[in-house]
Protein chains: 2
Amino acid sequence: MNKKYTIKDIAEIAGVSKGTVDRVLHKRGKVSKTALEKVNTVLDRIDYRPNLIARNLKNTKIFNICVLLPNPKIDIYWEGCIDGINDAIEEFISFNIAVTIYFFNPTNTNSFIENNEEILKTSPDAVLIAPLFYKEAVEIVKNYNALGIISVTFNNYLKSNAIKSFVGQDLFQSGKVAGRLLEILVKKGLIAILHIDEDYENAIYVQEKEKGFRAYFNQVNNTNYTIKTCSLQHPNFKRSFYEFIEAHPNLAGIFVTTSKAFQVAEITSKLDKKIALVGYDLLKSNLNYLKSFDIDFLIHQNPKRQAYLGVVHLIEYFIFDKEIPTKKLLPIDIINSENANNYI
Amino acid sequence: MNKKYTIKDIAEIAGVSKGTVDRVLHKRGKVSKTALEKVNTVLDRIDYRPNLIARNLKNTKIFNICVLLPNPKIDIYWEGCIDGINDAIEEFISFNIAVTIYFFNPTNTNSFIENNEEILKTSPDAVLIAPLFYKEAVEIVKNYNALGIISVTFNNYLKSNAIKSFVGQDLFQSGKVAGRLLEILVKKGLIAILHIDEDYENAIYVQEKEKGFRAYFNQVNNTNYTIKTCSLQHPNFKRSFYEFIEAHPNLAGIFVTTSKAFQVAEITSKLDKKIALVGYDLLKSNLNYLKSFDIDFLIHQNPKRQAYLGVVHLIEYFIFDKEIPTKKLLPIDIINSENANNYI
DNA sequence: TTGAAAGCGCTAACAC
DNA sequence: GTGTTAGCGCTTTCAA
């Protein structure tokens, strides 16, 4: 009933040779009308599912995929990506795929550009990039595209039609998630949106989160709350933050738009009053404060899965001709002290 | 540098034939000491990764996997499983795998037993079961085991060494997650644990959730809270629940241990005071109340992924010789009104 | 105990 | 245009 048909079967039924069937299937032309019809009649009647596996046995071309992301030694957030990429490599080890990882310094635009030049030299078939530097990335991606190199971005969205696909979260929506969480945590008072732009610039992305956060509170339209944005830079962070606290005695909750919630918790955990705290990312230091309830919720951006999916999409495109989704939005995981362990 | 070695390569280097290498690799015996040594020396020196794909080209045996779960028409919770199973089938369509789904009536123990008998008749290589009926499942699984049929359970844990693997959530821990959520939602007063055991018996599993929930509150040890358990049966649910509310004016939060939180929300949403509500599962009716904020949080048990993984583990075991993890615990996803869409 | 050879499903080169 | 054939990496005969 559910017989699996092979090219050989089709050839026999249609009364032609395997080669002809193959030519029809792949639209390689050089097939007479009569042969084409004979084959198509058979194909219409049966459910032919090519064995994608056997297809690739033959293939000798090695696909070259390059991944470029910030050096995890400089920003530990990216560490999981390496595992994700390695998982993908392992999973497709039987195919002719070469994946190479490049790291750039996220505090240094030139490092980003230089690494892309390095990548170009290897004439890759595709690149997967975390495009932290917006302007530069747009140019670089345009260049890849001109050279026929497929580019896919992850973690940070980039508007450009030179990009084939994006894997990551909807940051606006994740701001709304944080909004809902803080609404529950705080009944009234001031809620601060804290941008802790440590060393480097990813302003566009934290702004997206802020917009979502504010959109949520506009929508609930509750006069109990005041929302205020505050941008803090690294060197003076502690002092500036203390000043902020003193200047705002009604401060009741904080939304940290970067992964640095632990820096805030370090301070708020020592205050007399409880300040609700929602942040991002399962860094060790964040998790410690989550377990001690000084951070109430973390939003998990799942960099590991982002990188994994980015690579897998490319591999499956090359070896299985599978379409790459233009936009793959990952779930916005809410983490508290009790479910954290399941995500790491 | 990273050359991929094939059996042919190894044979040439070792100065033996492909057949001999194969015999060594698969420990089929019938290899002389000298040949064995020659091959092993080569294997020690290189990193041989067999092409698992090519391996299965030859294989003509069709592996027969049967899945048994409650009929989604009777309990809609299970609906997602079908998609998950179909995803797995699709993913491995090129291999010789036959997956058949069987449904039992979750309100009827006999239906469970009968379906297992049906399955037995097809002499499967493995079964994946949602063992809702504990006692009966233990017997059935023992029987499968005796017949050399691999059994894997999902969604509901069963203690039995006749079972090869379990895929699902840690229900105790998910109770703790709910505990933490209600602690945040409710500052003081009575928190009710509601078991709505509709038509059928899954008492063991909801008890596990209750234990975790209580464990959490014992651990925070806050005298502001009283925890009380309440079991309600379907026919009189509404009346009994109203009585419960009236008898407990300090009721501030409810933890529903089944997927029937919507039945509670239907009532609490019409009360004057806000009662915090945490439940399970992304049923349509639950989601509606989540969006209207009458349910505060849902815990997602991800039946789709459970079934998917259960099947995939088996398939990969058969075709890739991959080990099946004894216990695969899925993350305990916390869902609120804002991140729900990403999970469905 | 061993090597040679056929064949899994598909592709691509090559005659005709 | 079309059929034949070799070969991808591996397994499994089968003859030696």
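A polar contact is taken here as a pair of N or O atoms within 3.5 Å. In this predicted model, a phosphate oxygen of DNA strand C lies 2.6 Å from a polar backbone atom of Ile7(A).

In total, 23 residues surround DNA strand C, and the closest are Ile7(A), Asp22(A), Tyr48(A), Arg55(A) and Ser32(B). The surrounding residues comprise nine nonpolar, six polar and eight charged. Helices α2 (18–25) and α4 (52–58) of chain A, as well as α2 and α4 (52–58) of chain B, each contribute at least two residues to this surface. The greatest contribution, four residues, is that of α4(A).

For chain A, an unreviewed UniProt entry lists residues 5–59 as "domain: HTH lacI-type". This segment is 65% helix and 0% strand, with its end C-alpha atoms 22 Å apart.

In chain B, the buried residues of helix α2 (residues 18–25) are Thr20(B), Val21(B) and Val24(B). These residues lie on the same side of α2(B), because the arc that they cover around the axis is only 100°. The buried residues of α2(B) pack against α1 (7–14) and α3 (33–45) of chain B. Just after α2(B), a positive phi of about 50° is adopted by Lys27(B).

Technical notes
Residues numbered from 1 in each chain as written. Chains lettered and ligands numbered in written order. Predicted model: local features only at pLDDT ≥ 70, side-chain atom pairs only at ≥ 80, totals over all residues. Heavy atoms only, no water. Buried < 20%, exposed > 50% of the residue type's maximum accessible area, 1.4 Å probe, protein only. Arc of directions from axis to C-beta. Contact = heavy atoms within 4.5 Å. UniProt positions renumbered as here; feature names shortened; annotations may be inferred. Near = heavy atom within 4 Å. Polar contact = N/O pair within 3.5 Å; in protein donor to acceptor, adjacent residues only side chain to side chain. Nonpolar A, V, L, I, M, F, W, Y, C, P; charged D, E, K, R; others polar.
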